[in-house]
Structures are given as C-alpha cells and as structure tokens.
Amino acid sequence: MRNVSFSYDDGGWAVQDVSFEIPTGHTVALVGASGAGKTTVAALLAGLRVPEEGKVLVDGVEVSLLSDTERAARLAMITQEVHVFSGTLREDLSLAAPQASDAHMLQALERVGARWFAHLEEGLDTVIGSQGIQLDPVASQQLALARILLLDPKIVIMDEATAEAGSVGAEALEQAAIEVTRGRAALVVAHRLDQAARADRIIVMDSGRVVEQGSHRELLNYGGRYKHLWDAWQKGRQG
C-alpha cells in the first residue's frame, strides 16, 4: 500500500495515508480499537474497495486493475463469517480447486487439523451444511482454511478469521492459521493480541491512520499504544 486513503459515503476518512509492504513469507498483523480502519485496509488489499488516493499493488500491479480470475489466483480473503455450502464435503472443497484430487483434499484437511474428518463414516462423500451434518464454528473455519490451502494463493488476508479461537478449539484453529500463512504474504486483522505477537511486523491503527509499526518486542520497548493494548489484554486474560 502506498499512501492509501479511503472514505465511505458518510464522510470523513476511514483510512488515511496508509503505507506498508508485505514481503513473501512474512505476516503483518493489524491491531487497534474497533473503528480504527483495520477491516477497511483488509478490504482495500483484497480489491473489494478502491482507494480514493494512493495505490494498492500486488506484484507491482494495482489490485483494482486485475481481473476477477487474476485476483483470485493471487490472493484470498477469509473472515470469521465463513460459509459451509450444502452438499458433500468433496463438493465444498472443490469450490476452491475443481481439479483437486481426493488426496489433495485429505492433505489440506490434515494440515488444518480437521480431526473431525476421521469420524465421518462416508468420508468426502459426507453431506454437510443445511441438508446434512452441521459443522460447529471451529470445524467450519477449518474447512474454510482448507479451501484456502487448495486455492494456494500468494497472498492471504485474514480479517479476524480465528475469532473462534477463544473457544474449545483455540489451539487447533491457531495452528491451522499458521499453516495457511506459511510461505505466503499474509495480512492478519488480529482479534487476539497473541496472534499479533507472532507476526513478523505489527501495524497499530487509530482513527484510520498508522500510529505505530514494529515487531512485538520493539513495540513493547517503545511503550506506546501497543504496549497499553498488550498490558490491558494480559490483565483481561488473568481476570
């Protein structure tokens, strides 16, 4: 992102003069209070919004100029609002990669820690969704992450995609997210600050602007907004 600004119809900048770069194999985490502009940044990077000022580039090309096919081949976005489509598990997974073999599908499920698959008597032929087995939120998110692995994009955008990690499946879902981002350029809108702490770089936003950038350790030593957020989060966990 190069000096990107964007506003919604209600006026005022939702994002203003935001710049950063994500090298391949690195994860950048966005943190900040609700309304800071994190989700808007994610939408701009995904090409769902077009900046009014500045440029959003993927491999040197503006995202807004890519065709739907070109954009889908380069990047994928996953949020906490995941969808389980009615049909067999194989049909659901094939939405991401129609040519994927059963072996590739099974490998993707294994990589995201979908241990629940072993209990399905009909395996990939199991009907899921509204007409079949209802997957719990963690399993649904693992399924969505498996689809990302099958799609195999260069860039992954996760907008609070592991928010369910506060539940029983916390560790499994976190490990799945790590597996999906490995080797890719990844932007993570962090719902939990322990997600941010594992990122290569953290960007702290406030009122649509970047106010701090650095590693977890650098920002703690700096003693600014991120350290205040971290201390408050740690106290909340202990309480």
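1. Strand S10 (residues 155-159) and strand S11 (residues 185-189) run parallel and are joined by 5 bridges. Within this pairing, Met158 has Val188 in S11 as its bridge partner. Strands here are DSSP runs of E with at least two residues, helices are runs of H or I with at least four, and both are numbered from the N terminus. Two strands pair if DSSP finds at least two bridges between them.

2. On the basis of the model: this is a predicted model, in which local features need pLDDT of at least 70 and side-chain atom pairs count only at pLDDT 80 or more, while totals for chains, interfaces and linings use all residues. Residues are numbered from 1 along each chain as its sequence is written, and side-chain values use heavy atoms, with hydrogens and water left out.

3. The open sheet has 6 strands in the order S7-S10-S11-S3-S12-S13, and its pairing is mixed. Its edge strands, S7 (75-79) and S13 (209-214), each pair on one side only. On average, neighbouring strands of this sheet are turned by 15° against each other, direction ignored.

4. Helix H5 (residues 137-151) lies across S7 and S10 and runs at about 180° to S7. Axes are lines fitted to C-alpha atoms, for helices over the stretch in contact, and angles run from 0 to 180 degrees between N-to-C directions.

5. Ser140 lies in helix H5. Is Ser140 buried or exposed? Ser140 counts as buried because its relative accessibility is 8%; buried means under 20% relative accessible area, exposed over 50%, and partly exposed in between (1.4 Å probe, protein chains only). Leaving aside neighbours within four places in sequence, Ser140 is in contact (heavy atoms within 4.5 Å) with Val82, Val84 and Leu135. The C-alpha atoms of Ser140 and His83 are separated by 7.3 Å, with the two residues 57 apart along the chain.

6. A search of the whole structure finds 3 aromatic pairs. Rings of Phe, Tyr and Trp (its six-membered ring) pair if their centres lie within 6.5 Å; planes under 30 degrees apart count as stacked, over 60 as edge-to-face and the rest as tilted. Phe6 and Tyr8 form an edge-to-face pair, at 4.9 Å centre to centre and 90° between the planes. Phe6 counts as buried at 7% relative accessibility, whereas Tyr8 counts as partly exposed at 31%.

7. Trp230 and Trp233 form a tilted pair, with 5.6 Å centre to centre and 40° between the planes. Both lie in helix H9 (residues 225-238), 3 residues apart, about one turn of the helix. Trp230 and Trp233 are both buried. Ring pairs link Tyr226, Trp230 and Trp233 into a cluster.
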